[in-house]
Amino acid sequence: MSFTDISNKYQLALGISPTPLMVVGHNGTILLTNQHFNLLFGYDEGELANKPVEVLVPDQIAAAHPELRQAFFELPTNRSMGTGRDLFGKHKDGRRIPIEIGLQPIGDGDEFTVLVSVVDITERKNNELRIRLALDASASAMIMIDDAGKIVLTNASAELMFGYDKDELIGRPVEDLVPERFRRKHSVYRTSYLNSRERRDMGMGRDLFGLNSNKSEFPIEIGLTPIDGVDGRRVVATINDITERKARDDLIKQKNIALTQLNEELTQFAYSASHDLKAPLSSIAGAMKICQQDVVDGDLEEVSDNLARAQKMAERLAQRIEDMLSLARADHAESDLRPISIPETVREVWANIGALDHPNEITLRTNFSHKDPIFTVGVRLIAILENLLSNAWKYRDQSKQKSEVLVETRSTDGNLILAVRDNGIGIPEDCHEKVFKLFQRFSDGANPGSGLGLALVQKNVRHLGGTIAFESSPDGTTFTATLPQYTEPVSQEAAE
Amino acid sequence: MTIPVAIVDDEELDRYIANRAIKSSDTDCKVVEFKAGDEFAHIFGDEAEFKERIGTLPPPLLVLLDINMPRMSGFEVLEALKKKFDAKEYRPELFIVLMYSSSNHAEDRATALEYDFVKDYIVKPIDQDSFKQLIEKHYG
């Protein structure tokens, strides 16, 4: 069929069609184009005639195109071109135009030609791009899955959050993003969500975790939206990484606990001030009044006795105030860890509490088997030892032939264990839970303590990051402090 | 009529002051001292010891009960007494319990006076005049 024949046959039809159309001969020569086609590719009327169709093919593909074209002519069918791939035409000025192409064989035998219909999809591509840009602009990760749980769409935030390359997640099961231990449950939840299809948050208040490509977990929040689209049932998950928020929340929680504790201490302090600080003063006032009476009556011996009592009480009050201040100060001591000699510290503390003046009543034994160096805050360790050792001395069992206090140390995985064991009167069992509370005394000896010693011990142990426990029976008491030791000393200078 | 008085206080000086106030108050009292709350609570479980230390009631026993004591506080003693009264082991009308503390804390006062057998709340130190008034008020 000649060009003129074709022209005559199709010109009218091509001319009135709103679709850009072209007729191509089996050797790849352009036979006919309509006005819309010329407009789309930027050619004048008739300008394309007799040119090879490759003038309309982008340069990258132009070389391979004749072979593809050949294949089509050997087995012509009515189909669209380049299924599944993005197709482009080449404008006269060289720019690429996104298009869709339909191929329709016309005639038969060696003489058949092909009617090529072209759809300009520039606008559609631009829309897709706009949506893509909007999706990628979202700070939240967005992942769309199909009803089998396969990922069909992700945005840039999702790829960034989970550590995957662009489109690397497409086609994977969404469970790849779920930590191993939740996977089985997750697939069940996913299936039942498909049936309920309501917009809601995932997890119903449980903590949720994502799994990134490095197999590490991070806390997330997920909103679910069902979409009934053209391809069937889909679910879009909007995911936010809440690592930072969680860290902030945890910090606030910790601060709250600390504040509550401080508040409790303050309340207790105010309450105790009305008892423990006022009581000795009331007693002194009472004693003074009696002294006045006795002076009038001339009973000077009684006056002397009562002045001595009042003086003792005043001293005790001074000590109590001193203890309260050290307790308050315990929150603000230095925190530099330095190497300390435990045997030396124990010796010094023991000498200071006055027990050495009574060698017939009490002996100190030691059994040090810890590994040096020990790093700690000196003033805190001293405060701990001072209170534990002076308790051992103060609450010795005077019915026993001889009292004994044993200080033992050892090192276990990262901890210094410090135990102070005595054979004293012990702490009554029903008082055990109050042992570390403020202003708790368990003995009514002639020289009562402030009831602050063990609270002070506990506070210092806690500031050193450790714990303290005790066992007590009428045969004696053992306090055991566990103080963490760090292999890397905090300051290099201290290590030398 | 000799009024039995129990001073329950761990502080020796306070017991001495109370004793002196009672002695010089020109009242007929017999004082028994308890050095701790649990020591006082203990005699309620031992009839013979109660009789030996306190004697036979009536007249009602006047109890000067300190609040802040080691092991068993004054409030815990009140709770122990309440149990004895509820179990009808002792008759509450035979006890006039006076809370006796250096604390003027409203909360302490309220806690103490919740027990109907606590008849008064006295702030330390006590002297002969105030003790005399107490006797007149509760035994007059």
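B:Pro125 lies in the loop that runs between β5 (118-123) and α6 (128-139) of chain B, helices (H or I, at least four residues) and strands (E, at least two) being DSSP runs numbered from the N terminus. The peptide bond that joins B:Lys124 to B:Pro125 is cis, with omega about -5 degrees. The structure is a predicted model, in which local features need pLDDT of at least 70 and side-chain atom pairs count only at pLDDT 80 or more, whereas totals for chains, interfaces and linings use all residues. Residues are numbered from 1 along each chain as its sequence is written, chains are lettered from A and ligands numbered from 1 in the order in which they are written, and side-chain values use heavy atoms, with hydrogens and water left out.

Chain A also contains a cis peptide bond, from A:Asp372 to A:Pro373, with omega near 0 degrees. A:Pro373 is placed in the loop between β14 (362-369) and β15 (374-376) of chain A. In the loop between α6 (156-162) and α7 (180-196) of chain A lies A:Asp167, a residue other than glycine with a positive phi, near 65 degrees.

Strand pairing was assigned where DSSP finds at least two bridges between two strands. Strand β12 (residues 232-241) of chain A pairs in the antiparallel sense with strand β7 (residues 141-146) of chain A over six bridges. With strand β11 (residues 217-229) of chain A, β12(A) forms an antiparallel pairing over ten bridges, and a hairpin of two residues joins β11(A) to β12(A). A:Thr238 in β12(A) is the bridge partner of A:Met142 and stands opposite A:Gly223.

A:Met142 belongs to strand β7 of chain A. Contacts of this residue (heavy atoms within 4.5 Å) were listed without residues up to four places away in sequence, and comprise A:Leu135, A:Leu153, A:Thr154, A:Asn155, A:Ala158, A:Val236, A:Ala237 and A:Thr238. The C-alpha atoms of A:Met142 and A:Leu153 are 7.9 Å apart, with a separation of eleven residues along the chain.

Between the chains, 29 residues of chain A are in contact with 27 residues of chain B. Chain A and chain B bury about 2200 Å² between them, 48% of it on carbon and sulfur atoms; buried area is the accessible area (1.4 Å probe) that two parts lose on being put together, summed over both. Five salt bridges are found across this interface, a salt bridge being a side-chain nitrogen of Lys or Arg within 4 Å of a carboxyl oxygen of Asp or Glu. A:Asp294 and B:Arg20 meet through their side chains in a salt bridge at 2.5 Å, N to O.

Over all chains, the search finds 34 salt bridges. In one of chain A, the side chains of A:Arg69 and A:Glu54 meet at 3.1 Å, N to O. This pair links distant parts of the chain, 15 residues apart: A:Arg69 is in helix α4 (residues 65-74) of chain A, and A:Glu54 is in the loop between α2 (35-41) and α3 (59-62) of chain A.

One cavity of 30 Å³ or more is present. Cavities were defined on a 1 Å grid over the protein atoms alone, as sets of points where a 1.4 Å probe fits but cannot get out, with lining residues having an atom within 4 Å of a point. The largest cavity has a volume of about 180 Å³, the volume being the space filled by probe spheres set on the points, which are joined across faces, edges and corners. Of its 19 lining residues, A:Ala279, A:Arg320, A:Arg441, B:Glu11 and B:Asn68 are the closest to its centre. α8 (243-297) and α9 (300-329) of chain A each supply at least two residues of this lining, the largest share, five residues, coming from α8(A).

Notes: 1 Å grid on protein atoms, 1.4 Å probe; cavity = no way out; pocket = protein on both sides within 12 Å on 5 of 7 lines; lining within 4 Å.
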